[in-house]
Amino acid sequence: MIKFGLTRRSLIGAAVASTLLAGGAFAQDDQTTIGVVVKIGGIPWFNAMEAGIKERAEELGVNAFMVGPTSADPALQVRAIEDLIAQGVDVIGVVPNDAAVLEPVLARAREQGIHVLTHESPDQENVDWNFELASAQGFGEAYGKQLGEMLNGQGKYAVFVGGLTVPLHNAWADAAIAYIEANYPDMEPAGDRYGVAEDVDASRRTALDLMRAHDDLKGFLAFGSQGPIGAARAVEERRKGGEVLVMGPFSPGQGRSLMHDGILTGGYMWNPKQAGEVFVTLGNMIANGEASRPGWRSRGWASSSRMSRTRTSSSTSWSRSTTRPSTILRPWASETGRPREGLAPSPPAPSPHSLQHNIDAGSSGPREENPVMTNTATGNGAYLLRLEHVSKRFGGVQALDDITFNIYPGEVLCLAGENGCGKSTLIKTISGVHRPEAGAVMEWDGTDMTGLDPAKARALGIQVIWQDLALFPEMSVAENIAFERNLGARPALVDNRAMRAEAGAILDRLGVNIPLDAPVRSLSIANRQLVAIARALVADARLVFMDEPTASLSQKETDALIEIVRRLSEQNIAVVFVSHRLKEVLDISSRVTVLRDGRYVGTYPTKGMTQARLTELMTGSNFDYAARPEKTEEPSPILSVENLSRSGEYEDVSFAIAPGEIVGLTGRLGSGRTELALSLFGMTRPDAGRITWQGAPLRMRSNRDAIRAGIAYVSEDRLSLGLVQPQSIADNTVVTVLDRLLGAGKLLSPTKKQRLVDHWIQRLRVKVGAPEDPVSTLSGGNQQRIVLSKWLATEPRLLILDSPTVGVDVAPAPGSSPSSTSLPKRGWRSC
């Protein structure tokens, strides 16, 4: 086992030593702002670096935060740096994916007076300083030597790097390959190196392909913290543990089980948390003029091409470049007993158990939030809620995968992500509905939350206001608000006077006036929201989750609700706001936590965040919403409605829809939109007017006639009215087309059914464990996709979507929207 280590004390001491050489001292007059852009956010390696950034920022009193693109793409790094330039930060720190691509944007940063600090990029030109924590040559040679020894100098091996343009990874690979070629001539590389080591799935797939193509493949040498994990999973999948070796720098927190199974070996370069500390330490020094400038020369210190360390019997010395600003901080470690430049003897290789115990917390690190986000309510920065390593699996579906979630008292935080990303599962875990997998850390006010259930969560002050509000429509406002206070182990008489007084006091606290005796069913959606909030406050809420609270509200009602949320924050009540309306997210919250595919992407300040950037973080993709000209030809309408009326619901409605056309029908709540859609689907009969379908009058006695004609309808309440919850995912998908799935003997054909179910699950990218699982086991977003799939399976000529954007995220799966490429030729959208 290779171990390159550097203690926090020695690292910070090195930074302080550099400060003293420059003749400076830490200045705290003006708070320095440092933004650090890493290769890819949301992975354990850089989560640990973020923890180091936070801790060091708190020690120095600076404003420092981390920004991570959602994939190892230099173009995304360019965009992140441009955002930081626009924010006017003092220092931009970068761990580059491609030094050449970043040169122009870093040059622009420096032109605007922003200092640039890089890590692991000695070839970057437009920087003030570069620092490294290990010798690239010594590190690569160490891995090459150990791989050769463990394979007895025989067999093929493959090399993974984070990207073919990542300088440091390729320097490691160059050194490892050169060492193997010089010392183990019977070892042969399986092709050239592969740039997949920053993505677990890409490295897993590539490893599988290589093992299929090369039966004599004996080892993987993967540089990049995700590469060893992906390759090891591929070896495990092919059941080749003991036959194929996987080696590389990895996060022990991710590789724990693979290490124990003997598939994965290697070590770590340094604790990435310390790299975060150096970013802040040097960044603050540079911003305050305390770090040496390019061309600086100190009496008694030798000039060299980079800062290096030499060792004497009693001291460590440093030198600084006279030509180009660059720094290297190297750990005193070596795989041999012989010192080499910048390296010193390492301790004996630890066992997987001791390695895990000693460095798991550092390398996979507690993923703290961005330090720019301190608690404005209390000012002490103490978490109200802290979660680490929270995972949840349902059958074959990994709903949550190693999630971090932290929130301060009085904070308004947005929880963002696409449908099916795990938001609801996370909320249910925090509120005690679901138990997390073993290894999760859950703390409330610094106290362990083990054994949490819904009753205990409510006792702590955790309240959830779901999108359906869960109110009792026939009960009064006062009864709904004070409901929980009247629950108890023993029967007791209800004190109506006390109940009304309590409900009235809470509504006064919110600054709203709702009749206490009015039945909830008589209230508007906006007032029902306020009743649900009031009920949470009666229960002494300290943390309130609001799930899509504005989905059915007008803009005026939304503005009023947002003002209520601000008022709760002022009362030191934390609010987690879940919404797909990104403008609201950025307006109301101070931070946004992003989930994607059940994984934690990061937590970001909303100041300076844009809707486009947030969409990119949620989806990993860019979207073009530009308007495009439609075709000018006017084909014959497929549906015509003339003077359609139904008493008390809608009156004198006329319009026509052509094949391939998308028509929007809009209006305020209660304006008759849904009622008209129900008539077009045969659920209700109009009193007057005419419906023409493909040129002929259409009379429908029921929705069956509409379906036979080729009309499909997705209701506004998709989860309650669109699905049979106890039934399987497969049965819900095919329920509309059972007659098409009959085989011999007029019996349902399992083959036809399976083929259809598989098609729509893949087409709409539904995350399922098995099609036979109850549809109720899916997340809300995936349930919506099943509702859509069952109607698309009918191959409709006209698709009616009632309130299609309620609960729909910013990037529906391909084919999940009627505006996708294939559906507009036959669909209609109702909004």
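Mentor: Two strands pair if DSSP finds at least two bridges between them. Strands (E, at least two residues) and helices (H or I, at least four) are DSSP runs numbered from the N terminus. The model is predicted, so local features need pLDDT of at least 70, side-chain atom pairs count only at pLDDT 80 or more, and totals for chains, interfaces and linings use all residues. Residues are numbered from 1 along each chain as its sequence is written, and side-chain values use heavy atoms, with hydrogens and water left out.

Trainee: What makes strand 14 and strand 17 a pair?
Mentor: Four bridges join strand 14 (residues 385–394) to strand 17, and the two run antiparallel. The definition asks for at least two bridges. In this pair, Arg386 stands opposite Glu443 of strand 17.

Trainee: How many bridges join strand 17 to strand 18?
Mentor: Two, with the strands running antiparallel; the cut-off is at least two. Trp444 has Thr447 in strand 18 as its bridge partner. Strand 17 and strand 18 form a hairpin with two residues between them.

Trainee: Which residues lie on the covered face of strand 17, and which on the uncovered one?
Mentor: Met442 and Trp444 are on the covered face, Val441 and Glu443 on the uncovered one.

Trainee: Why is Asp445 called partly exposed?
Mentor: Its relative accessible area is 42%. Buried means under 20%, exposed over 50%, and partly exposed in between, with a 1.4 Å probe and protein chains only. Asp445 is therefore partly exposed.

Trainee: What is noted about the phi of Asp445?
Mentor: The phi of Asp445 is positive, about 55°, although the residue is not a glycine. Most residues other than glycine have a negative phi. Asp445 sits in the loop between strand 17 (441–444) and strand 18 (447–448). Asp402 also has a positive phi, about 60°, but is found in strand 15 (residues 397–407).

Trainee: Why are strand 3 and strand 6 called edge strands?
Mentor: The open sheet has five strands in the order 3-2-4-5-6, with parallel pairing. Strand 3 (63–67) and strand 6 (129–131) each have a single partner strand, so one side of each is left without a neighbour in the sheet. Neighbouring strands are turned by 20° against each other on average, direction ignored. Strand 2 (residues 33–37) is joined to strand 3 by five bridges; among the residues paired there, Val36 has Met66 as its partner.

Trainee: How do you know that helix 3 and helix 4 are roughly parallel?
Mentor: Helix 3 (residues 74–87) and helix 4 (residues 99–111) pack at about 5°, with axes 9 Å apart. Angles run from 0 to 180 degrees between N-to-C directions, with axes fitted to C-alpha atoms over the stretch in contact. Under 35 degrees counts as roughly parallel, over 145 as roughly antiparallel, 65 to 115 as roughly perpendicular and the rest as oblique. Helix 3 is therefore roughly parallel to helix 4.

Trainee: What makes a set of residues a nonpolar core?
Mentor: Its members are buried Ala, Val, Leu, Ile, Met, Phe, Trp, Tyr and Cys residues joined through side-chain atoms within 4.5 Å. The largest such core has 46 residues, and Leu639, Phe655, Leu680 and Ile711 have the most contacts inside it. Helix 25 (residues 780–792) gives the largest share, five residues. A second, separate core has 39 residues, including Leu516 and Val544.
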